[in-house]
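Try each task before you read its solution.

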Amino acid sequence: MLNFHFDAVAGLLFVLIALGLISHNSAVTISACVLLIMQQTALSTYLPWVSKYGLTIGIIILTIGVLSPLVAGTIKLPEIKTLFLDWKLMAAVVVGVIVAWLGGRGVGLMSSQPTIVTGLLVGTIIGVSVFRGVPVGPLIAAGILSLLVGKQ
């Protein structure tokens, strides 16, 4: 039997579920629902594990999703000479390096100052709900923020 306890975290999860439904963003809705279920059931014992490894698992799944069209053959690999001659491909490489670097800084900042995570999540949810963004922004947002506040 579910012994529901309403606290600030459960309230935030309900708000995230509502925002996810309003913005038609299934990733936010499903994530918040799963975490609410985990919080309210015996699955809460696994929350420390999810907290510790969830980001790494999510990045692995995201990387698999990004690489799968290449492996499936729906996207062809450009020739190496084209990579260095096409300015768009070179710009993509440079931007990819910068974003990866910012993401690394973001992980460091989020680890050293976990209270910042709440603000980053609220900003990401607003970006998803209002501007039809995609909720992959907290790491990059934390990386950009780390440039402003310094990596701790």
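**Exercise 1: the chain as a whole**

What percentage of the contacts in the protein chain with a separation of 6 or more comes from residues 24 or more positions apart? While you're at it, work out the secondary structure and the overall dimensions of the chain.

Solution. Keep in mind that this is a predicted model.
- Start with the contacts: residues 24 or more positions apart account for 59% of those with a separation of 6 or more.
- Next, count the elements: the protein chain has seven helices and zero strands, and its pattern along the sequence reads α-α-α-α-α-α-α.
- For dimensions, the C-alpha trace spans about 60 × 40 × 30 Å along its principal axes.
- Finally, burial: of the 152 residues in the protein chain, 22% are buried.

**Exercise 2: ring pairs**

Search the whole structure for aromatic pairs: how many are there? Then classify each pair by its geometry.

Solution. 
- The search turns up two aromatic pairs.
- Take Phe6 and Phe14 to begin with: their ring centres are 6.2 Å apart and their planes sit at 25 degrees, so this pair is stacked. The cut-off you need here is under 30 degrees for stacked.
- Now check how open these two rings are. Phe6 counts as exposed because its relative accessibility is 58%, while Phe14, at 37%, is partly exposed.
- The other pair is Trp49 and Tyr53, with 5.5 Å centre to centre and 50 degrees between the planes, and this one is tilted.
- Where do Trp49 and Tyr53 lie? Both are in helix H3 (residues 47–72), four residues apart, which is about one turn of the helix.
- Both of these residues come out as partly exposed, Trp49 with a relative accessible area of 47% and Tyr53 with 36%.

**Exercise 3: the largest pocket**

Solution. 
- The volume of the largest pocket is about 2200 Å³.
- It's lined by 47 residues, and Ser31, Gly54, Leu55, Leu121 and Pro138 are the closest to its centre.
- Six named helices each give two or more residues to the lining: H1 (8–22), H2 (26–40), H3, H5 (87–112), H6 (116–131) and H7 (137–149).
- Which element gives the most to this lining? That's H3, with 18 residues.
- Sort the lining by class and you get 35 nonpolar, 10 polar and two charged residues.

**Exercise 4: a helix residue and a loop residue**

Solution. 
- Thr29 lies in helix H2. It counts as buried because its relative accessibility, 11%, falls under the 20% cut-off.
- Apart from neighbours within four places in sequence, Thr29 is in contact with Ile17, Gly20 and Leu21.
- With Leu21 there's a further detail: the Thr29 side chain reaches the backbone nitrogen of Leu21 at 3.3 Å.
- Ile75 is in the loop between H3 and helix H4 (80–85), and at 46% relative accessibility it is partly exposed.
- Once neighbours within four places in sequence are set aside, Ile75 is in contact with Pro69 and Leu70.

Definitions and conventions:
Residues numbered from 1 in each chain as written. Predicted model: local features only at pLDDT ≥ 70, side-chain atom pairs only at ≥ 80, totals over all residues. Heavy atoms only, no water. Phe/Tyr/Trp six-rings, centres within 6.5 Å; stacked < 30°, edge-to-face > 60°. Buried < 20%, exposed > 50% of the residue type's maximum accessible area, 1.4 Å probe, protein only. 1 Å grid on protein atoms, 1.4 Å probe; cavity = no way out; pocket = protein on both sides within 12 Å on 5 of 7 lines; lining within 4 Å. Points joined across faces, edges and corners; volume = space filled by probe spheres on them. Nonpolar A, V, L, I, M, F, W, Y, C, P; charged D, E, K, R; others polar. Contact = heavy atoms within 4.5 Å. Polar contact = N/O pair within 3.5 Å; in protein donor to acceptor, adjacent residues only side chain to side chain.
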